[in-house]
Amino acid sequence: MRKLLVILVFLYSLNSIAQNIRFEGTVKDSTGVALEMANVMAINDTTKAMDAYAITNEAGKYLLNLAPNTPYTLKVSFIGFQSYEKNIQTTDKATFYPIVLKEGNQLDAIELVYEMPVSISGDTIIYNSDSFTNGTERKLEDVLKKLPGMEVSKDGEITVEGKTAQKVMIDGKDFFDGDTKLATKNIPADAIDKIQVLRNYNEVSNLKGLENNQDNIAINIKLKEGKKNFWFGDINVAGGFKNSEADRYMINPKLFYYSPKYSLNIITNKNNIGELPLTARDYFKLTGGFRNISGKGGSSFNVTSNDLGILGNNNDQAASIDTKFGAANFSYNPTKKLTLSGFGIFSGNTTITNENSLSNRNDNLPDGTTQQITETRTDNTRQESNLAIVKLSSSYVPSAKLHVDYDVYGKISDQVENQNLNSSLLGDIYANKKQNPYSINQNLNFYYTLNDKHVFAFETQHLLQEEDPFYNANLANQPFILNGYTAGQTRNDVNQSRLVKTSKLDSKFDYYYMVTPKSNINITLGNTLSNQNFNSSIFQILDNGTRNNLTSAENNNNVDYLFNDLYVGLHYKFITGKFTFNPGFSVHTYNTKDTQLGTENKMNFGRFLPDVFVNYQIKKSVSLTYNYAITNSFTDVNRLAEGFVFSNYNSLFSGNRTLENSLSERHTIRYTKFNLFNNETVFGNISYNKRIDAIKQRALITGVNQISTSVNIDSNFPDETLSGSFNYGRSFLKYYKASGGFNLNWNKNNNIRVYPDGDNDPNNNPSEIQTIESFSQTYFAGISTNFRKVPNLSVRYNYSINDNFSDVVYTKSPTVGLEYYFLDAFSLVSDYSFFENTNKSNTIENSYEFLSASINYLKKGSKWEYRISGTNLLNTKALNTNSFNQLGGTSTFSSFIVQPRFITLGLKYNL
């Protein structure tokens, strides 16, 4: 029945356009020169609707699909030329119609540009929202998904021509800087007038044209006139039918205010229906828009997190989620020179997950035999997370010559996780985790243009971070022999406390000298200085309640680590014809010192790191980019502390203070094409990365238990990654949007595998370098319609192959979406997805499906909207995932219990 519905709707929609005829031609000036990017539109004289539009290509060609035997008004415009208007009559045959424009007043042309569904002005693509909506849209993401060349992931990430948008603005004002999810999930669709895609985006005008910004994308939302200088938004409430677990509810007020001088956005949400405005993963990804200052210098020194994996599951992997959320964002311009802005976010989630998993590993032992390790496990987990973020920013731009920014960004969280596990190999396990980490990041930027020849930039960023993860595991059997541990207890109650403090200062000074209008020299002087302290201790709680401190040095850490990178860089950027070249290098002096176990360990050395950027602008809308860079990567204090640290109840880790840096060589080729002549988007990339002297794990794996440390692996065994992707998208026949492509990723990773022997000293155990290759492939194709009078469908099919050395897993996933706006008041939205997982060895064969639907009623002119929604209407009990761990080569199949079917009645009041 579902397949029949899809076929019938598509046949109906195809029949509705089968009668269209091609109306094409050229647009040239009076001398016969083709005009690229001219706007052409056809207005139906009977319906007064715009039936088709086009933008001319580099040859001045345009193509319209029009109804046969119909009167039209043809309108053409191009900046700097008189607008053209002509009444035409189509026939039942294809027509070629050349157009000649005369030079003249450009005001009419500008007026006409704003009527076009899509237009281009310099580096900006402008979409007219109303040209793509059909009445079913509720949020920004619903609109973006229908625009040519744009995609929105289920996590709210926006991609344009294959490039990820870094930020969303409303009328030029930042909307929760550093995150696009809050924008795509909350900005109301009916408030949007224009959507501007800002390519080659640089928020500092002093540096525009000096840096390589080809991958920088920002989205600016232009509001409708009725939404400016007035509060707008909605108050959304919903209640669910009572079931055996709990009543369902959702309260979601959203308020927005925009004026030329200030703006204010308020978003709140409290629900237990699985809506997650911001997941814990999103929280840790949020950077507040801060730049990676040291990245341009060629070094990589990133402070890792001790978050213990308390990240929370997405709503499709949880049995229950209770959410509290509040966020506010403001911008204020006391003068034209000064902008003050900021945001605050609070998120509180209580999440319950139930997971069943099956793990398999085949070990090739040194004696030539093979051993299979199989573990089944049930995991019932409850997580409680309260997360808060605050950012305050100021920007002072008194003139085109001077730009000064200051930002302060703080994060704090309170997280608790309680796990109840049962392993077929280890028995019952009770694990508890908790932490209260915080970080404060400050950023000061100064940009000054002395004249047309000299530009100066100074950027500095300071990070202050403290993490205090505490871990407790209560086990039936203790898998590790720890010095000072008291055996013979009824239960093994092991605890570990950690405290990691980080102070990191990045500073960089750039001088740009314009050799010619198309070339410049950039000299960089930078420094990264980090000071970290790592403390940890392990203790045991005995049956009688007393505490047994494991005081030996191997069970404790007290480490101070100092890292300093002083570097100077030189780059030369020049443009010749269609090519932009920017080769350069940086020279580094590194100094490190760690203090632990009563001794100091120092390293002092230098590195020369080259990089190259080349861009070939084949046409205005077609480019080919090549990047090459060698990066010097360093670990932080977490891998240097030599005392034992519990990574998990069955995983023990000790650091290595003699670790050195690793070198990565990366090549990337990217191709992009965005052709508004036929609404075609093509992008693809190939990337190869080779890492030598990589910091990898040396692991003793016994069954499912692991003792590991970090080592620099021999340079004869590099880690390698080769990946490629291709995406082709096209909007055609006005109402259709299709896309397809693939992603391929090949990895070769090396680790040192240690095998058990007859004694308790792991240092003399037999070992080997274990090389594991994996190859993943994903192929997809989809098509969607966007009619105004008939139901609309979106159909997509994904097929993936994950091949690792132990097994091959196949996943098939068709999805179907239905949208229908009818009777000028009702809108129906439904989504169906099906997943099938199988493997080559035929030990896995399962499938599951999800169906959700909602019907909304909003009478034109009314502020009240009524809704009935159903989630998981097929009452699917669980979803399944597959994962692969390169260390040891463990393949895991997991099944997550999901939220049951429930139906809610909703009421929304639109301000």
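User: Is Phe-534 buried or exposed?
Analyst: The model is predicted: local features need pLDDT of at least 70, side-chain atom pairs count only at pLDDT 80 or more, and totals for chains, interfaces and linings use all residues. Residues are numbered from 1 along each chain as its sequence is written, and side-chain values use heavy atoms, without hydrogens and water. The relative accessible area of Phe-534 is 2%, and the classes are buried under 20%, exposed over 50% and partly exposed in between, with a 1.4 Å probe and protein chains only. Phe-534 is therefore buried.

User: How far apart in space are Phe-534 and Ala-641?
Analyst: Phe-534 belongs to strand β30, residues 519–541 (a strand is a DSSP run of E of at least two residues, numbered from the N terminus). In sequence, Phe-534 and Ala-641 are 107 residues apart. In space, C-alpha to C-alpha, their separation is 7.3 Å.

User: Which strands stand at the edges of the open sheet of four strands, and why is one side of each left without a neighbour?
Analyst: The order in this sheet is β3-β2-β5-β6, with antiparallel pairing (two strands pair if DSSP finds at least two bridges between them).

User: Which residue of β3 is the bridge partner of Val-40?
Analyst: Strand β2 (residues 39–44) runs antiparallel to β3 and is joined to it by five bridges. In the hairpin of β2 and β3, five residues lie between the strands, and Lys-48 there takes a positive phi near 65°. Five of the six residues of β3 are buried, so this strand is largely enclosed by the rest of the structure. The partner of Val-40 in β3 is Ala-54.

User: What is the bridge partner of Lys-75 in β6?
Analyst: Strand β5 covers residues 71–77 and pairs with β6 in the antiparallel sense. Six bridges make up this pairing. For Lys-75, the partner in β6 is Glu-85.

User: Which backbone oxygen does the side chain of Arg-901 reach?
Analyst: Arg-901 is in the loop between β51 (890–897) and β52 (902–910), and its relative accessibility of 42% makes it partly exposed. Not counting residues up to four places away in sequence, Arg-901 touches Thr-871, Asn-872, Leu-873, Leu-874 and Asn-875 (contact means heavy atoms within 4.5 Å). At 2.9 Å, the side chain of Arg-901 reaches the backbone oxygen of Leu-873.

User: What is the angle between the ring planes of Phe-175 and Phe-176?
Analyst: Rings of Phe, Tyr and Trp (its six-membered ring) pair if their centres lie within 6.5 Å; planes under 30 degrees apart are stacked, over 60 edge-to-face and the rest tilted. By this rule there are 37 aromatic pairs. Phe-175 and Phe-176 form an edge-to-face pair with 5.0 Å from centre to centre. The angle between their planes is 80°.

User: How far from the ring centre of Phe-902 is the charged end of Arg-248?
Analyst: A charge sits over a ring if NZ of Lys or CZ of Arg is within 6 Å of the ring centre and within 35 degrees of the ring normal. Lys-434 is placed in this way over the ring of Phe-470, 5.6 Å from its centre. For Arg-248 over the ring of Phe-902, the distance is 4.5 Å.

Conventions. A polar contact is a pair of N or O atoms within 3.5 Å; within protein, one must be able to donate a hydrogen and the other to accept it, and residues adjacent in sequence count only if both atoms are side-chain atoms.
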